[in-house]
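Open the structure in your viewer and keep the selection panel at hand. This tour goes stop by stop, saying what to select and what is there.

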Amino acid sequence: MKLILAITAIIVATNTMAATNRAFVSNERSDSVSVIDILTNKVIKTVQVGKRPRGVGISPDGNEVYVAISADNAIAVLDPVKMEVIRTFASGDDPEAFAIHSNGNLYISNEEDAMASVYDPRTGALLATIDVGIEPEGVAVAPDGTRVAVTSESTNLVHIIDVPEHTIQNNVLVGARPRSVVFSNDSQIIYVTAEIGGEVKKIAADTGNLIKKTTLPDQNAKPKDVLLSRDGKNLYVAGGRANKIFILDAESLDHKNSIPVGKRVWGLALSRDGSRLYTTDGLDHQVTVIDTKSEKVKAVIKVGKFPWGIALDD
Amino acid sequence: MKNEKSILRHYFTILKTSSFVILCLLSTLAYSKDLPLYFYGDMSSNEWYGAIQGLQEANAQGKFLQLNYKLIHKTKLDDVKADKPYAVISSLSPAKLRQALLANPQIPFLNISSIAEPFSRLCTPNLFYIRPHPSSLVAAEAAWKAEGRIEAKAVLWHHSFKKYAAAQLNKRYKKNTDRRMNSESWSGWASVKLFSDTLARNGPESEISIVNFLKKSLAFDGQKGRDLFFNSYNYLEQPLLVIHDDKIVAEISTSQLLSAESGAFSCK
């Protein structure tokens, strides 16, 4: 089964429709998604999607954009070409963040239910539920498709879950208020941010053992999103109220650079070629575009109120 | 008719609250490692209900780590020495705890009463104060008013607090108890949560005493958005909420307020 999942991941990755070169940004307090043309860095449309949009992602074939509309307890599905909502489906209480498996299924953290749920977005069918800690938040799918990691914010745990069995393989205690998680390119390591104390931990995915941890070099840092560079060498961490992106060495977790962005930087997305990093800066109602080679800000784009998540179709 | 509805509603509330308490206590039966915590104080108090909420959340973590916390109401302090619980949570006057504290130096006592003690009596290593010293509350209010602002009251917690997932905690507590979380219930909740998280990190069989671990390695934010820690007097340093007209108008940290009040005195 695990081999099938890995093959599926490769097939899907090579079978995508032509990209629209657009970024989709969820605006938590505008109930909307701003669509940005990433070739011109201009907002080309704002789409009303439902109440309190937060997590956002694109289907593996690029045909659909998914937005967690938390206060509507649903997922809105957008057509990335027409830039309109084509349907919604119920997704359990208070969906916050989600990750998309290469088989197309959504792994959703249901904040108020202490649960992760698995949905087929094509049919809206609930495929599985997994009990996790209180206030689940960050979700990541391993690139090889064999594991999912979910953080539980008030229980200070990251749960490593086997796919397709959907059984918890490991529960790892991390720092206070874990927010986000990402797998390494080889699916063997997870990186977890913990908001309180400004901590990042590097953990072996198969054993749950701690490999390294670091504290971000800024007392205001309340890290949220975390992403790996395409070559797997750099870790990008959204510093929250530090208003910076922290670049860490993915191997040693040593701090390499900090890039000032807007206030309360929250969500991150990386272009397919890894040359541009996009951040949502909640309190400044903007998206910042960073050139990852020069590590300089390339553009700032005003969007709706309190941008939360961002996904690229490029 | 209206009266009947009111009676029904009353009984429904009692039933809901009792079910919550019973479920929380029953939920502790299914797991492997039992970790008793003793509670001294009134079982109808907000502190108790807060502690029960904390127990539910502690076991929500514990079930993934094979740890099972039990909150046991007690009246006789001699039971501490006889049974050696993992921790004692108390809303009694700290003065009443004195003998039990000294006889059981390895057991942390988490004091959730609002009764003040003279600074000269604060330095018992295993007594931890969850609520700030009353002088800190007074100092916080004075600091707020010093700049010509409206009169306001400093509290530990308020039912309208939303940041740092406080809204979710308020919602969970209201749903389970039909009460609004306040400073008393927050201190009960926090005492169980900070202890259980510390025990989970330290390991119940660790050689390092829980007293030391609480003092040096606490990793707990209390849904207040920053690392809380016990200061040199073992008071929990934490943000206070300043309330005017039942609304939060400011957040003030207890850091510096206590030392300003206590002058040069230190436990070190």
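Select the residues of chains A and B that face each other: in this predicted model, 12 residue pairs, with both members at pLDDT 80 or more, are in polar contact between chain B and chain A. The rule also finds 3 salt bridges across this interface. To see one of the salt bridges, pick Asp221(B) and Arg177(A), whose closest N and O atoms are 2.9 Å apart.

Next, colour the side of chain B that touches chain A by helix. H2, H6 (166-177) and H7 of chain B each supply at least two residues there, and H2(B) gives the largest share, 6 residues. Coloured by class, this side of chain B shows 10 charged, 7 nonpolar and 4 polar residues.

Now show the whole contact region. On chain B 21 residues are in contact, and they meet 23 residues of chain A. About 1800 Å² is buried between the two chains, with carbon and sulfur atoms giving 52% of that area. Select Phe64(B), Gln168(B) and Arg201(B): these three supply 31% of the area that chain B buries against chain A, more than any other three residues.

The last stop is inside. Which residues are closest to the centre of the largest cavity? Select Ser154(A), Asn156(A), Lys193(B), Asp197(B) and Phe220(B), from a lining of 18 residues. Helices H2 (46-65) and H7 (183-202) of chain B each supply at least two lining residues, and H7(B) provides the largest share, 4 residues. By class, the lining has 7 polar, 6 charged and 5 nonpolar residues.

Definitions and conventions
Residues are numbered from 1 along each chain as its sequence is written. Chains are lettered from A and ligands numbered from 1 in the order in which they are written. This is a predicted model: local features need pLDDT of at least 70, side-chain atom pairs count only at pLDDT 80 or more; totals for chains, interfaces and linings use all residues. Side-chain values use heavy atoms; hydrogens and water are left out. On a 1 Å grid over the protein atoms alone, a cavity is a set of points where a 1.4 Å probe fits but cannot get out, and a pocket is an open set with protein on both sides within 12 Å along at least five of seven lines; lining residues have an atom within 4 Å of a point. Ala, Val, Leu, Ile, Met, Phe, Trp, Tyr, Cys and Pro count as nonpolar, Asp, Glu, Lys and Arg as charged, and the others, Gly among them, as polar. Contact means heavy atoms within 4.5 Å. Buried area is the accessible area (1.4 Å probe) that two parts lose on being put together, summed over both. A salt bridge is a side-chain nitrogen of Lys or Arg within 4 Å of a carboxyl oxygen of Asp or Glu. A polar contact is a pair of N or O atoms within 3.5 Å; within protein, one must be able to donate a hydrogen and the other to accept it, and residues adjacent in sequence count only if both atoms are side-chain atoms.
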